[in-house]
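Hi there,

Here is the structure I promised to pass on to you. Please have a look at it first, and then read my notes below.

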Amino acid sequence: MQDDKELVTGHHGEAATHGTAHAAAGQAESDSRRQFLNRVGWGSLIGFLAINGAAFLRFFYPRVLFEPASRFKVGFPADYPPGTVNSQYQKEFGTWIIRLQDGSFFAMESKCTHLGCTPSWMESQKKFKCPCHGSGYYITGLNFEGPAPRAMDRFKISIAEDGQLQVDKTIKYPGIPGKESNEVYPQSLLRA
Ligand code: FES
């Protein structure tokens with residue numbers, strides 16, 4: 001009987017010891033899980049803040065765009081003899097400065113209205129000729145041969161405070177089929 005009691009007590013003690021060990025192991029496991037989740041949580045938060053911080057900074061420091069200015073000066077009126085096409089600003093600004101025989105100026109986009117190639121001014125023939133499909137334009141930009149559907153576009157030209165000619169590409173006078181832009185847009189002409 002005594003032995004049985006001891007045996008029972010012994011079993012109980014063993015079970016208790018096992019229980020305690022089990023609980024401790026469980027506790028350790030849950031601690032380490034909590035730690036792990038904690039780390040994941042902080043990691044995600046830091047990652048989130050870093051990405052947002054970068055986006056925030058990018059907002060204040062936008063990427064530099066090497067686009068030509070849409071307003072630019074092209075020298076003084078006296079630099080331009082009447083009846084000439086100046087291609088000096090064609091490459092950088094896609095614009096010709098043209099001075100007609102009567103002394104008036106206009107700025108024209110150096111872009112064919114067919115498919116956008118760059119025509120060339122043929123001084124001997126007094127016309128713009130597009131190398132792509134052969135469109136031809138008068139000095140005023142009106143098309144007269146080839147597939148171009150309309151006159152070339154113009155930009156606003158004015159006199160800046162320092163007396164130089166200034167082109168503003170944000171103000172555009174689009175060419176109209178069969179119409180002379182000198183008549184449609186008298187404001188595109190500058191008499192200086
Ligand atoms: S792009 Fe000029 S004629 Fe076609």
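**What turned up**

This is a predicted model, and I will begin with a loop. K126 is found in the loop between β5 (120-122) and β6 (127-129). Its phi is near 55°, which is a positive value in a residue other than glycine. K126 counts as partly exposed, at 45% relative accessibility.

Next come the charged pairs. Side chains of opposite charge can pair when their charged atoms come close. The structure holds 9 salt bridges, and one of them joins the side chains of E145 and K127, at 2.8 Å from N to O. This pair links distant parts of the chain, with E145 in strand β8 (residues 143-145) and K127 in strand β6, 18 residues apart. E145 is partly exposed, with a relative accessible area of 24%, whereas K127 counts as buried at 13%.

D153 is worth a look too. Is D153 buried or exposed? At 8% relative accessibility, D153 counts as buried, because the cut-off for buried is under 20%. D153 forms a salt bridge with R150, and their closest N and O atoms are 2.5 Å apart. R150 is partly exposed, with a relative accessible area of 24%.

D153 also meets the side chain of K172 in a salt bridge (3.6 Å, N to O). K172 lies in strand β10 (residues 165-173) and D153 in the loop between β8 and β9 (154-159), so this pair ties together parts that are 19 residues apart in sequence. K172 counts as partly exposed, at 39% relative accessibility. Finally, a network of salt bridges links E109, R150, D153 and K172.

Best wishes

Key:
Residues are numbered from 1 along each chain as its sequence is written. This is a predicted model: local features need pLDDT of at least 70, side-chain atom pairs count only at pLDDT 80 or more; totals for chains, interfaces and linings use all residues. Side-chain values use heavy atoms; hydrogens and water are left out. Helices (H or I, at least four residues) and strands (E, at least two) are DSSP runs, numbered from the N terminus. Buried means under 20% relative accessible area, exposed over 50%, partly exposed in between (1.4 Å probe, protein chains only). A salt bridge is a side-chain nitrogen of Lys or Arg within 4 Å of a carboxyl oxygen of Asp or Glu.
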